[in-house]
Amino acid sequence: MKRCAGIVGLVLFAAWVALGVPEKVTLLYMTAGDINMLALAQNVLGPMFSARYPEVELRTVHTGPGDAGSQLIFEKLRAEKLSGKETWDVDVAMVHQVFMSWAAAEGDLLLQYAQDLETWQYVTSPHAKYALGTLVEGYVMPMFHSQIAIAYNPKYVPEPPKSYEELVEWVKAHPGKFGYNGIKGGMSGVGFVVGWVYWKTGKYEQYAITGPYNEQEIASWEPIFKELKEFNKYVTITAGNVGTLDALNRGEIWMGPVWVDMFYTFMLTGKMDPNIRLVLPAPGLPGQPMYFVIPKKAKNIEWAKKFVEFVTSPEIQAKVIVEMYNWYPGIDGSYVKDYVSPGAYARLYRDIAPEELRTKGLAFALAKYHTAILEAYEKWAIGG
Amino acid sequence: MRSGRSEVKRRWGGASKLLPLLLLFPAVSFVLVLYLYPLFSSVIRSFTLGAQSPTFANYLKAWALYKKDILFTVEVALLGTFLSIVLGLALACYARISRSRAARFVNSLSRLTIFLPYVIVGQMMRSFLAPHGFLNVILANMKVIDLNSPIQFFNIRGLLLGFLWKEVPFVSFIVLSSLQVVDERYLEAARSVGAKTRHIVLSILIPMIKPAIIVGGVLTFCTIVSTFTLPYMLVTESPTMVTVDIAHRVTYFRDYGVANALGVFLYLLAAPMAIYYLRRMVGEEIYGY
Amino acid sequence: MGIRWQKPIFKALAIGLFVFIVVGPLSSVVLWSVAIKWYWPHVLPQEIGLAYWKQALGLQRDWAIAAVSIWDAFKNSMIVSIVATVITMALAIPAAYALAKLRLPLKAVFLLLFLMPKVFPQQPIFVNLLPVFTRWGLAGTLPGVMLIHILVCLLFGTWISTSAFKAIPESLEEAARSVGATRWQAFWRILMPLAAPGLLVSTVFVFVTSLTEFTGTFFLGLPFVTTLPMLLYSASGYNMQFASVLALVLLVPSLLFMVLTERIFRPEHLGSLGR
C-alpha cells in the first residue's frame, strides 16, 4: 500500500513537473532607449508584472540609445518576417516614432491591438493616431510622453526666454552660455532645429500635421539655415543629448534644450542642480512618445497585451512613470491624477503647465520634411 | 648561415608543396568568406543603392555633404599617426637606453592603456577634457588658465589626445620589442667611440627597427581612420570624423548607399598604407635575407 | 654646473607629467564611479557611496539608480572571448608555422590578408555582413559574435605567432631532424616548447582584443548578445556613474595584461613583427 502511494506520488510529481513548470511563460520584451529603459524593465516593470501574474516572467532585451536602438528592433522584426516563421521571438517592443514610418513602409510587421485593451479609453494623445504623418492608430500605445524643453539655471538666467526671439537675443548677449548638440548627437538638438524651422516659417501645421510635402519649400529654407549658422557662432555645440546635460551639470552652459525625462533622471541621480528649471519658449518645441508595439506573429500575444495594459494602466502610470521618474504619462493626465500624490503631480507640471504643454508641445515634422530639415542643416548650417 | 637556411628550406619545404597551403587554408578561407565578401558587397552597394542602374550619385552626395569631414579625418589620422610614431619612438628609446627604475616604471605604466577599448577612452576623455572638466579645473587652480575661458578640447585637440593616449603606448610596445633585439654590443661600440644618445637613436636604432615602425604606423593610422566611438563621444558637430557620418546616414536616414560610399572613401585612405606595407615586405622577401 | 642639478628635476617633471597624462583620465572615472551627488560649482563630489558598484555587481536592485547587474554581460564576454581565443589560436598556429618556417610564395600577401580586417574600416563591412548572418541564422547569436571576434583577432594571432616561431633558430629543428625526428615530432618536442612563451603572448593579445571588441559585436551581436563593452556603450548614454563602474571593470584585463607581459614577455616574441 505504501509503495503504491509512493508510486502515485511520484507519478503526480512527474506530471506536475511535466505540465506545471513549463507553463511559466517567458515574455520577450525588446526596448530601445538608454540604459535607464533596461533598468526600468529589469528592476521595476518586470518584478511588478510578475508579482501580479506569477506565471509570467519578463525577459528584457535592450537595443541601445536613440533611433539606432529602434532600428535594431526593426531589423530584427523584418528578419523574422523574411524568415517565414510561424511565430516570432519578440512578444512586445518599445520604439521611437520613426520606427512607425519604417514599419509602415515595410508592411505586415505589427499587430493592430490597441483597441482591444482596457486602457485604450484613457488614450487621448494625437500621437496615438499619427506618428510623423504615418497613420498608426491601433498599432501603438504610448508608454510615456517625452518633451524637449529648455533647461536654464535661474542663478544666471533670472528671466528665461519666453520665445525663440528672446532666446536668440539672450544667446547673442551671452556667447557660449547656450548649448545644444547639433543634429548628429541625438534628438534634443534635432528638436531645437525643427523648432527653429517652425518658428521661422510659421508652417508648423503643414510641416508636421496636414502636409502635403512640397519640394519647393526646401529651397526657401536657405536663409533660415544661414541665420541658424550665424546663431551657432554664439553657441556651444555639445556632444549628444547627454553632452548638453553634462555641460549643464558642470556649469559650462547656463541654458540648453534637453529631453524632460532625461533631465529629471539626471536630477534623480544627483547630477543636476535641483535649482535648474525648465521653460518652453514659443512657438514651442517638439516632443514624442515612446510606443509599445506588438509584432504580428508574436508567440504570446495575449500576455503581451496584458503587459501593455498593465504599464498603461492609470495606477502604474501614476506610480512608476510620474512618481518615480517624473515623466509625462502616456495616457491622459486627468486619469492619472487620482493615483498620484499631489506633491509629485505639482512637481511634474511645476515649470510647464498642462495647457502650455498642449499648445507648445509640438510634434516632429512629417518624415519627408524631417529628412529635408536634417539635410538642409548639413548643407547650409554646417557646410556652405 | 645563408646556405644553411636554404638547405633547410629545401629539405622541409620540398617535402610537400601542399603542406604550407594546407596549414594556411583554414585561417585564410575564414578571412575570405567573412571579410572579403562583405568588403566587395559594400563597394558594389555604394554604386547601386538608391538607384536603378550603377551610378556615382552616392559618391557625389557624400562628397557634397561630407567633404569637410573627409579632409578632417585625413588631417586627424596623419597628425595622430605622426605624433604617435614620434612619441612612441621616444618612449621606447628611453626605455631601451636608460636602464633606470624610472624608465621601467614609465614603460610598464604605459601598457595600461593599450587594451582599453575606445568606448572607455571616450568616456574618460569626455569628463577629463570638458571645459569644466578635471584638466581645466586643475589648470585653473594652478592659475595657468581662467576657468571662464577654458581650453576647448571637444575638437581636434581632444581627438588627438584621446588617440595618442592609446596609440603612443601601442607603437612604443611594438617598437620596443624590436629595439630589445638589437644587440647591446652595437650600442656599446657606439658609446665607446663617443656617440651621443641622439646620434645612437637616429643613426643606429631607428634604421634597424624600421619594419616595426612601419607596422606600428600602419596599424595606428588605420585605427584612427576607422574608430567610431571616440569621435562620436567627443565631437558630433562639424567637422567630425567620417565614421560618425556613416552612423548618422544609417541611423537617421537608413541610407546605406551614401554610408557605403563614405566607407569606400575610408578604404581609399587606408589602401595606400596597405600597399606601401605590401611593397616593402615583398621587396624584403625578394632582396632580403 | 647648473645643468647637473637641473637635469634630474627636468626628468622628474617629465615623468610626473607622463604619470598625470596616463592616470588623470583614469582618476576622473574613479571619482564618477562613486559619485552619488556631483554638480557644479562643486569641484569634487558632494556625496560619495558605492551604490552603483553594488547595483552593477548585482548586490542590490534599486529602481532609482539606472544601472543593471553586469553578470549576464560578464558571462557572455567570458564565453565569447574564451571560445574565440581557442579557435583563433587553433587557426593561427598552423598558419604561423607555415609562414615562419615553410617555403611559401607571397608570404606578405597572406600576412596582409590577416591585417585587412583590422586595417580597413570595419563599420561598413559589418553592416554588409548583417544580411548574410541573418540568412545563416547567426545574427544576434553567440556563435555569430564568436566568428566576428575570430576574424578581428586573427591579426594578432597570426602575426605574433609567426614572429614567435621565427625567433627560434633553424639549427635546432635541423639538429632534431638529423637525429631522425619526424617533422611532427620536431614540431611538438622542439618548436612548441620554445615558442610557447611567444604563443602565450599572442594568446593574451587575442583574448584581450576579443574581450574589448566593440564594432562587430555592436552590428552583429545586438540585441541578443550583450557583452561588457556593449553594456558600457548603452550606459555611456547618460549614466556617467554606471558607465564609470563598467570602465573600471574593463580595466581589469588591461591590468592583467600589464602584469602578464611583465612576466612572460620577451622582446623576441614581437621582434620580427610584420617581417
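Mentor: Two residues are said to be in contact if their C-beta atoms, placed from the backbone, lie within 7 Å. The model before you is predicted. In that sense of the word, 82 residues of chain B and 76 residues of chain C take part in the contact between these chains. Helix 2 (residues 18–48) of chain B gives the largest share of the chain B side, namely 16 residues. Sorted by class, that side of chain B holds 57 nonpolar, 19 polar and 6 charged residues. Chain B itself has 13 helices and 0 strands, and 48% of its 289 residues are buried.

Across the boundary, 14 residues of domain 1 of chain A are in contact with 13 residues of domain 2 of chain A. On the domain 1 side of chain A, helix 4 (97–106) and strand 6 (141–152) each provide at least two of the residues that touch domain 2. This side of domain 1 of chain A comprises 5 nonpolar and 9 polar residues, with no charged ones.

Now consider strand 6 of chain A in detail. It is largely enclosed by the rest of the structure, because 12 of its 12 residues are buried. Its pairing with other strands may be followed one partner at a time. Strand 6 of chain A runs antiparallel to strand 11 (residues 285–293) of chain A, and 6 bridges join them; here Pro142(A) has Tyr291(A) as its bridge partner. With strand 12 (residues 328–329) of chain A, strand 6 of chain A forms an antiparallel pair over 2 bridges, and Phe144(A) is bridged to Pro329(A).

Two further partners remain to be described. Strand 9 (residues 255–259) of chain A is joined to strand 6 of chain A by 5 bridges, again in the antiparallel sense. Strand 10 (residues 277–279) of chain A also pairs antiparallel with strand 6 of chain A, over 3 bridges.

Conventions:
Residues numbered from 1 in each chain as written. Chains lettered and ligands numbered in written order. Predicted model: local features only at pLDDT ≥ 70, side-chain atom pairs only at ≥ 80, totals over all residues. Helix = DSSP H or I, 4+ residues; strand = E, 2+ residues; numbered from the N terminus. Nonpolar A, V, L, I, M, F, W, Y, C, P; charged D, E, K, R; others polar. Buried ≥ 20, exposed ≤ 12 C-beta atoms within 10 Å, placed from the backbone. Pairing = 2+ DSSP bridges.
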